[in-house]
Amino acid sequence: MAVKSRNKYYNPNPLKKETGDCVVRAICKATGKDWDTVYMEIGKLGFEMKEPPNYRNVWKKYLENNNFIYHSIPVKKGSKRPTVASFAETHTKGTFVLRVARHIVTCEDGYYYDLNDFADSAVYSYYEKP
């Protein structure tokens, strides 16, 4: 029996462009803010930090400024990291921004939201919305 995907297509871009804006997309979903607001706020923060807004230092600071709680995912030698799909299955309540390789994606109430399905991507750390 096939397992139903927990992925939901999500594109808050007002022009529906499918661009390399995963940071803005994920933060929109996690905060409930619209794309323009997030883009401007994270762009301003990036300017103040003198780093591009999609750099990890910038979006981490943005999430921390919005009271998100950081969680590392320690992995014992010989073990594997959880995938986005397995994280969603075990986190059926709450909102989380997941860091995977070169990407972030939001998981909310057991589903993950993005342009593409990142089910098999390993989760390195995550931020939890309080």
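1. At what angle do the axes of helix 2 and helix 3 cross, and within what distance do they come? In this predicted model, the two axes cross at roughly 115 degrees and come within 10 Å. The crossing of helix 2 and helix 3 is right-handed. On the side of helix 2 the contact is made by V38, E41, I42, L45, G46 and M49, and on the side of helix 3 by N57, V58, W59, K61, Y62 and N65. Sorted by class, the residues of this contact are seven nonpolar, three polar and two charged.

2. Helix 1, which spans residues 22-31, packs against helix 2, residues 35-49, at an angle of about 115 degrees, and their axes are 9 Å apart. This crossing, too, is right-handed. From helix 1 the residues V23, V24, I27, C28 and T31 meet W35, V38, Y39 and I42 of helix 2. The contact of helix 1 with helix 2 has eight nonpolar residues, one polar residue and no charged one.

3. Just after helix 1, G32 takes a positive phi of about 80 degrees.

4. A26 lies in helix 1 and, because its relative accessible area is 2%, under the 20% cut-off, A26 counts as buried. Leaving aside neighbours within four places in sequence, A26 is in contact with I104, V105 and T106. The C-alpha atoms of A26 and Y113 are separated by 7.7 Å, although these two residues are 87 residues apart along the chain.

5. S125 belongs to strand 6, residues 125-128, and with a relative accessibility of 4% S125 is buried. When residues up to four places away in sequence are not counted, S125 touches Y70, H71, S72 and I73, and also V97, L98 and R99.

6. The largest pocket has a volume of about 220 Å³. Among the residues that line this pocket are G20, C22, V23, N54, R56, W59 and H103. Helix 1, helix 3 (56-65), strand 3 (95-100) and strand 4 (103-108) each supply at least two residues of the lining. By class, the lining divides into six nonpolar, three polar and three charged residues.

7. Because its relative accessible area is 82%, over the 50% cut-off, R102 counts as exposed. R102 is also one of the residues that line the largest pocket.

Conventions. Residues are numbered from 1 along each chain as its sequence is written. This is a predicted model: local features need pLDDT of at least 70, side-chain atom pairs count only at pLDDT 80 or more; totals for chains, interfaces and linings use all residues. Side-chain values use heavy atoms; hydrogens and water are left out. Axes are lines fitted to C-alpha atoms, for helices over the stretch in contact, and angles run from 0 to 180 degrees between N-to-C directions. Helices (H or I, at least four residues) and strands (E, at least two) are DSSP runs, numbered from the N terminus. A crossing is left-handed if the near helix is turned anticlockwise from the far one by less than a right angle, and right-handed if clockwise. Contact means heavy atoms within 4.5 Å. Ala, Val, Leu, Ile, Met, Phe, Trp, Tyr, Cys and Pro count as nonpolar, Asp, Glu, Lys and Arg as charged, and the others, Gly among them, as polar. On a 1 Å grid over the protein atoms alone, a cavity is a set of points where a 1.4 Å probe fits but cannot get out, and a pocket is an open set with protein on both sides within 12 Å along at least five of seven lines; lining residues have an atom within 4 Å of a point. Grid points are joined across faces, edges and corners, and a volume is the space filled by probe spheres set on the points. Buried means under 20% relative accessible area, exposed over 50%, partly exposed in between (1.4 Å probe, protein chains only).
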